[in-house]
Amino acid sequence: PGTGGSVVVPYGHVIGNEKWRGSEVAQRLQGKVRLIFEDGLGLVDFHLSNRTCILLISEADLVAGDEFKRRLVRFRNASSLRGIVIVEKTQISDQYYLGVQKLVVLELGMVLLPVANQREASQLIIQLVSFGVREQSRDHGANPFVRKQRAQLMEPAVLQTVQHIPGVGKTKALLLLQHFGSIHRLCNTSIEELEEVVGQTVAQQIHTF
Amino acid sequence: LARVSRGPAEQGPSLCVLADSREICSGPEVISCLRAEHGLRVQVCPLGTSDYVVSNRLAVDRLLQSELQSPGNRNKLSQRLQRLQGSFERIFVIVEADRVRPGETSRFFQRTQHYDGVLSALIQAGIRILFSSCQEETAALLKDLALVEHRKDAAIQVPTEPEGHRRDILNFYLSIPNLSYGAALNLCHSLGSVAAVANSSVPALAAGARLGRPQAEELHRFLRHDFDLQLLPGPLPAKGK
């Protein structure tokens, strides 16, 4: 199991890679989330759900060279999971950050989040997990950034748009729409028909527009 | 000169970014850096919805880290990003570190639960996040995004400053809900007349305005929407005035 295929994560749990046992992140996670350690997670450090996992890049990884890049690329090529990369951005590793961001976000299309240390990493993981839990238990409207599809009346907007035709104000726009119904029909109306509604000059203006 | 020969000029002169007029005040160095350092064409226009538009389908909002820290901003931010999702296929947020004023001892950024929560929600909503430490870095990120989009054949490639009659037609298109500035520009240049646009099929609109399918469908519906006076909210203007 080199790459970390799908792992079944019980609701509200986090499955951590054995190598993090006893680390600061793990200690801080314990008690806040139900953390289970498993061997053979491969490239993945933590599984947050059946779809989402975390790859943790430490300050040391960044300084040591390009090994972590190979790991990210291997993960991206092999896994269909949504990978969130958490990177330790400290005074020492700061200089590498822009390069890492370019690779992870712009080239690999993954999510990258900087933290200052393992304590912040654990806080962030807790938020990601609790957000996921809330998201599943409530309806999808819980996320303030997910666009709600609601039917909106088009009438006021159509009226606004028609008023952008030169020579047409609110009154004429209303008249035109009452007679011709839609912008599409308005565009396919002859000057003569327009003249019956708005008069010669404006009819000409509309037609040339 | 070295910049010109190495920079995006190599990719052709077409690399163009639209910037919202408010960014002249809030991000002057971003704009000047894009122009001077990276050689991009920056067109400042009243975008309204987003801070930057770097391609036909990608909008960027520039946020200060402190804005994500305070819960008071949450509603404003969510309204803004939801509106953006109505007109763009891809949305990026650039989280920029607040500027430390000279003489001020650098305040340490206190990471709050709220901040982590907002990041989680953004990720969940499919909004991409980039982090920048200053306006110059933000400019470099915008350039990178524009380059990637150019590679994917989504770059803005029409003239961005229509004049005269074209200007009127652009304003007409801009008044259509959920139609982005870039899409309105594309409509101005690709399909000829307003009548041609009104008579276009959904695929023709998608191709002409360089829109995704759902947005093209929405535009098509809008143009053919049958107006019903009864559904107009609010009092009607007095007749014969």
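Modeller: In what follows, a salt bridge is a side-chain nitrogen of Lys or Arg within 4 Å of a carboxyl oxygen of Asp or Glu. The model is predicted: local features need pLDDT of at least 70, side-chain atom pairs count only at pLDDT 80 or more, and totals for chains, interfaces and linings use all residues. Residues are numbered from 1 along each chain as its sequence is written, chains are lettered from A and ligands numbered from 1 in the order in which they are written, and side-chain values use heavy atoms, with hydrogens and water left out.

Biologist: What does Asp51(B) pair with?

Modeller: Asp51(B) forms a salt bridge with Arg22(B), with the closest N and O atoms 3.8 Å apart. Asp51(B) is in the loop between β2 (41-45) and β3 (52-53) of chain B and Arg22(B) in the loop between β1 (16-20) and α2 (23-26), so the pair ties together parts that are 29 residues apart in sequence. Helices here are DSSP runs of H or I with at least four residues, and strands are runs of E with at least two, numbered from the N terminus.

Biologist: Is Asp51(B) buried or exposed?

Modeller: Asp51(B) is buried, at a relative accessible area of 7%. Arg22(B), at 45%, counts as partly exposed. Buried means under 20% relative accessible area, exposed over 50% and partly exposed in between, with a 1.4 Å probe and protein chains only.

Biologist: And Glu23(B), which residue does its side chain meet in a salt bridge?

Modeller: Arg62(B), at 3.1 Å from N to O. Glu23(B) lies in helix α2 and Arg62(B) in strand β4 (residues 58-64) of chain B, so this pair ties together parts that are 39 residues apart in sequence. Both Glu23(B) and Arg62(B) are buried.

Biologist: What about Phe172(B) and Tyr173(B)?

Modeller: Their ring centres are 5.8 Å apart and the planes are at 65°, so the pair is edge-to-face. Ring pairs link Phe209(A), Phe172(B) and Tyr173(B) into a cluster.

Biologist: Now the interface. How many residues of chain A are in contact with chain B?

Modeller: 53 residues of chain A are in contact with 57 of chain B, contact being heavy atoms within 4.5 Å. The two chains bury about 5,200 Å² between them, 65% of it on carbon and sulfur atoms. Buried area is the accessible area (1.4 Å probe) that two parts lose on being put together, summed over both. In chain A, Phe145(A), Glu155(A) and Phe209(A) lose the most area to chain B, together 16% of what that side buries.

Biologist: How many salt bridges between chain A and chain B?

Modeller: Two. Arg111(B) forms a salt bridge with Glu120(A), the closest N and O atoms being 3.3 Å apart.

Key: Rings of Phe, Tyr and Trp (its six-membered ring) pair if their centres lie within 6.5 Å; planes under 30 degrees apart count as stacked, over 60 as edge-to-face and the rest as tilted.
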